[in-house]
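Keep the structure open beside you as you read.

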Amino acid sequence: FDRDPFADPDLRRDPVEEEVEVLVMGGGFAGMLTAINLKEHGVEDVRIIDKAGDFGGTWYWNRYPGAMCDVESYCYLPLLEELGYMPKHKYSFAPEILEHSRRIARHYRLYDDALLQTAITELRWDEKAARWVVSTSRGDRFTAKYVAMANGPLSRPKLPGIPGINDFKGYTFHTSRWDYLYTGGDSFGNLTGLTAKRVGISGTGAAAIQAIPHLGEWSKQLYVFQRTPSSVDVRNNAETDPAWAA
């Protein structure tokens with residue numbers, strides 16, 4: 001359930017061994033902004049590590065159909081003025097947020113300092129050297145004066161604690177690891193691979209309420225399993241008015 005369906009499975013590289021001033025754990029908004037602010041204050045020796053295949057954090061992982069943000073884009077997306085970008089909608093859809101993350105990374109040349117598809121496996125303090133010793137899943141070894149932890153929890157799939165869930169014989173995946181090779185379509189729907197399928201979805205939170213309309217439209221039969229009802233409000237999303245933006 002924790003595999004990355006979006007990354008290059010054939011990525012190979014030699015292990016890196018180096019000393020850095022600051023090592024940033026995570027390539028989401030927090031990690032990107034930390035690295036950018038450090039560079040703007042003269043700290044150039046920064047290394048970013050993330051197990052994802054690209055920048056974006058939770059917006060890298062969550063690509064299920066209908067995925068979007070529930071905070072107004074004009075105050076949620078960072079560095080809009082700096083990059084001269086205006087969001088397309090009041091509440092942005094996930095593909096736009098992921099692309100904005102990549103836009104930030106390109107503009108500030110964060111890819112030059114990043115090791116992606118790389119998980120940190122150990123973080124150990126060396127008292128004698130007064131440095132952090134950092135090991136990774138690809139055999140890297142870093143010594144860092146500072147470590148900035150920007151590793152949020154929203155990229156980690158949480159399975160329901162149902163007895164036998166790992167013995168289920170049908171095809172399963174978590175919404176944050178959506179398998180479009182199986183369902184067909186993309187973040188905007190068109191799930192043609194489900195037209196002959198009976199589909200069950202567990203939960204009715206924010207992710208489910210966005211995915212369910214697409215599942216209901218394309219699957220042969222949809223069952224929604226709900227433990228605790230969630231409150232639902234009117235979103236009133238709209239395209240950004242160019243005159244208002246100006």
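Glu122 and Arg124 join their side chains in a salt bridge, with N and O 3.9 Å apart; a salt bridge here is a side-chain nitrogen of Lys or Arg within 4 Å of a carboxyl oxygen of Asp or Glu. This is a predicted model, where local features need pLDDT of at least 70 and side-chain atom pairs count only at pLDDT 80 or more, while totals for chains, interfaces and linings use all residues. Residues are numbered from 1 along each chain as its sequence is written, and side-chain values use heavy atoms, leaving out hydrogens and water.

The whole structure holds 12 salt bridges, including these:

| Pair | N to O distance |
|---|---|
| Glu122 and Arg124 | 3.9 Å |
| Lys90 and Glu72 | 3.8 Å |
| Asp140 and Arg13 | 2.6 Å |

Asp140 sits in the loop between β5 and β6 and Arg13 in the segment before β1, so their pairing ties together parts 127 residues apart in sequence. (Strands are DSSP runs of E, at least two residues; helices are runs of H or I, at least four; both are numbered from the N terminus.)

How accessible are Asp140 and Arg13? Asp140 is buried at 2% relative accessibility, while Arg13 is partly exposed at 25%. Buried means under 20% relative accessible area, exposed over 50%, and partly exposed in between, using a 1.4 Å probe and protein chains only. A polar side-chain atom of Asp140 also lies 2.7 Å from the backbone nitrogen of Val16.

Turning to helix α1, residues 29-40, its buried members are Phe29, Gly31, Met32, Ala35, Ile36 and Lys39.

Note on methods
A polar contact is a pair of N or O atoms within 3.5 Å; within protein, one must be able to donate a hydrogen and the other to accept it, and residues adjacent in sequence count only if both atoms are side-chain atoms.
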